[in-house]
Amino acid sequence: MTNFHLSNPESRTAAALEATRSVYLQIEGASPEETSRGLAAAQAVFEKAGVTAGKAYWAICELERADDLGWVDKVPSEAIEYMHVWEEAERAAIEACCAGWQSNRPERYVLHLFPKAEAAVS
């Protein structure tokens, strides 16, 4: 049986995410101002937690990989903590973006890291 090893969030992979990608938020029906408000809320969560968006996104990717391989029980607690930060940032982004909307949760949304050239606010 192969051992499952998560990459270190301080690794070149996580650093490359930080250097080449930006947080992107798209919520169906949101104006550019609402989207900017959502991104600011997500960034505030990352800053409060002391976790960069790249590290939090790294955790999401690593946990998905572990799940695909059936090795979720081998995921370090640090990755789980980072994943929770990403999830909290996503919730904060949606709440801030959609504040005042009649329906509180949009049907379609995405908070993601995309290459910087593609991460324009839409």
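These entries record what I looked up in the structure above.

**Entry 1: the model and its confidence**

I began by noting that this is a predicted model. The mean pLDDT of the protein is 78, and 74% of its residues reach 70 or more.

**Entry 2: the overall layout**

I looked up the secondary structure and found four helices and two strands. Along the sequence they follow the pattern α-β-α-α-α-β. The protein has 122 residues, and 40% of them count as buried. I read its accessible surface as about 7300 Å², with 49% belonging to carbon and sulfur atoms. I also looked up contacts between residues at least 6 apart in sequence; 81% of these join residues at least 24 apart.

**Entry 3: the nonpolar core**

Which residues have the most contacts inside the largest nonpolar core? I found Val23, Leu25, Ile27, Phe46, Trp86 and Leu111, in a core of 33 residues. Strand S1 (21–27), H2, H3, helix H4 (77–97) and strand S2 (109–115) each supply at least two residues of this core. H4 gives the most, with eleven residues. I set beside this a general remark: in soluble globular proteins, nonpolar side chains tend to be buried together.

Tyrosine 82 and alanine 56 are 26 residues apart along the chain, yet their C-alpha atoms are separated by 4.7 Å.

Alanine 92 is also found in helix H4. Is alanine 92 buried or exposed? Alanine 92 counts as buried because its relative accessibility is 17%. I looked up its contacts, leaving aside neighbours within four places in sequence, and found Ala41 and Val45. I also noted glycine 38, which is 54 residues from alanine 92 in sequence and 7.0 Å from it in space, C-alpha to C-alpha.

**Entry 4: the salt bridge**

A search of the whole structure gave me one salt bridge. In it, the side chains of glutamate 62 and arginine 65 meet, at 3.1 Å from N to O. I located both residues in helix H3 (residues 53–69). They are three residues apart, which is about one turn of the helix. I then checked the accessibility of each partner. Glutamate 62 counts as buried, at 9% relative accessibility, whereas arginine 65 counts as partly exposed, at 35%.

**Entry 5: the cysteines**

How many disulfides does the structure hold? I found zero. A disulfide is a covalent bond between the sulfur atoms of two cysteines, so I looked up a sulfur distance. The closest cysteine sulfur to that of cysteine 98 is in cysteine 97, and it is 4.4 Å away, too far for a bond. The cut-off for a disulfide is 2.5 Å between the sulfur atoms.

Lastly, I looked up how accessible two of the cysteines are. Cysteine 98 is buried, with a relative accessible area of 3%. Cysteine 61 counts as partly exposed because its relative accessibility is 32%.

Conventions: Residues numbered from 1 in each chain as written. Predicted model: local features only at pLDDT ≥ 70, side-chain atom pairs only at ≥ 80, totals over all residues. Heavy atoms only, no water. Buried < 20%, exposed > 50% of the residue type's maximum accessible area, 1.4 Å probe, protein only. Contact = heavy atoms within 4.5 Å. Areas by Shrake-Rupley, 256 points an atom, 1.4 Å probe, with all protein chains shown as cover. pLDDT = per-residue confidence, 0-100. Salt bridge = Lys/Arg side-chain N within 4 Å of Asp/Glu carboxyl O. Core = buried A, V, L, I, M, F, W, Y, C linked by side-chain atoms within 4.5 Å.
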